Amino acid sequence: MTAARDEERGNHPSRVRIVEVGPRDGLQNEDALVPADAKVAFVEALADAGLPVVEVTSFVSPRAIPQLADADDVFPRVRRRPDVRYPVLVPNMRGMERAEHAGADAVAVFTAASEAFNKRNIGMSIEESLAAFEPVLERAGALGWWRRGYVSTAFGCPYSGAVDTARVVDICEALIDLGCDEISVGDTIGVAEPDGVRHACDALLERLPGERLALHLHDTRGRALDNVRAGLERGISTYDSSAGGTGGCPFAPGAPGNLATESLCAMLDRLGIDHGVDAAKVAAAAAVVRNHIVDGGATAEAGDRGPGDRSTG
Ligand code: COA
Ligand code: ZN
């Protein structure tokens, strides 16, 4: 490694773990209904590309997210690799029962740092959502499952604007206290700036171990990679991304929403940070799903959800 590259790396971790959220966060934000077979193949191809965590689907209300209404069919059909984690999103005990029945062994619960967003997304206040997750996380813990918590709108809310970082830290800490192994702190609408990310990381790291934190950064305003750089400077080593940038932007069709896994890999390569993912295989997996999205026959009726509801993390 050259001195210049050493300098550029600063406090960066030497290895980054990428959590692939395309099959869940990506597909829930696309209007097209992707066939179950294609979803299964997508997940398998992503795991084969070296991604250590692939979030498969959500066991949520099919009315809220029609794109993932086939979760009970998709999950059990995935050929799972022993070295990969396959979490599923669950909002309540009903979802937990479905996840258990499908054979899952890793779960993600999700709340937000903004009351307005949480109300619109899951019909609960932050307090109520934490109470709903308690039995879910307890059950998952008893089964020995890996447990992840999402805190979305941590850098800004589409309905109520600015978000208080101290509140974000409190919610993350509450989720850790409920048993989460890892917390993913999300810039759901892509409004974070690197300074804000550094500030949030500093506040989080005062109270929580960095190994248990992940950043989920959307590219809505083209800042995701700059924000990843800010997280890397603070030593954060887990980042969420979506193969092919699947998920689009709910505000501007055709504009980027989710950070593309391939772009994240390319930047880490430039920085000399190891990630273990074959980005060409990720791109190939995404291209197949993209075909279904582009020609997608069926279209999800996503009800009257507002734009900010269509995206999480
Ligand atoms: N799986 C399947 N169906 C579920 C469910 C689950 N986990 N939880 C609730 N439902 C069903 C109920 O049976 C009910 O169905 P019905 O209308 O046919 O009787 C309906 O969903 C509403 O349930 P209710 O308990 O009244 O809750 P709600 O309407 O306040 O919805 C959630 C709450 C959490 C279930 C719903 O908002 C949801 O699934 N949100 C997910 C949003 C999401 O995934 N966003 C993207 C990720 S952040
Ligand atoms: Zn997201």
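This is a predicted model: local features need pLDDT of at least 70, side-chain atom pairs count only at pLDDT 80 or more; totals for chains, interfaces and linings use all residues.
1. Two residues are in contact here if their C-beta atoms, placed from the backbone, lie within 7 Å.

2. The overall picture, to get your bearings: the chain has twelve helices and nine strands. It runs to 313 residues, of which 50% count as buried. If you look at contacts with a separation of 6 or more, 77% of them are between residues 24 or more positions apart.

3. Have a look at strand β1, residues 17-20. On one hand, β1 pairs in the parallel sense with β9 (residues 238-241), over four bridges. On the other, β1 pairs with β2 (residues 53-54), again in the parallel sense, over two bridges.

4. Next, the inside. The largest nonpolar core holds 86 residues, and the members that touch the most others are L46, V88, V107, V151, V168 and V185. As a general point, nonpolar side chains tend to be buried together in soluble globular proteins.

5. Which residues is V185 in contact with, leaving aside its neighbours within four places in sequence? The list is V151, A154, V168, C172, A200, L204, L213, L215 and H216. Two of these names, V151 and V168, are also on the list of core members that touch the most others.

6. The buried residues of α9 are V197, A200, C201 and L204. Why do they sit on the same side of α9? Because they cover an arc of only 105 degrees around the axis.

7. As for what covers the buried residues of α9, the elements include α8, β7 (182-187), β8 (213-217) and α10 (224-233).

8. T153 lies in the loop between β6 (146-152) and α8 (165-177). Is T153 buried or exposed? T153 has 29 other C-beta atoms within 10 Å, and 20 or more is the cut-off, so T153 is buried.

Notes: Residues are numbered from 1 along each chain as its sequence is written. Chains are lettered from A and ligands numbered from 1 in the order in which they are written. A residue is buried if 20 or more other C-beta atoms lie within 10 Å of its own, exposed if 12 or fewer, and partly exposed in between; C-beta atoms are placed from the backbone. Two strands pair if DSSP finds at least two bridges between them. A nonpolar core is a set of buried Ala, Val, Leu, Ile, Met, Phe, Trp, Tyr and Cys residues joined through C-beta atoms within 7 Å. The arc is that of the directions from the helix axis to the C-beta atoms.
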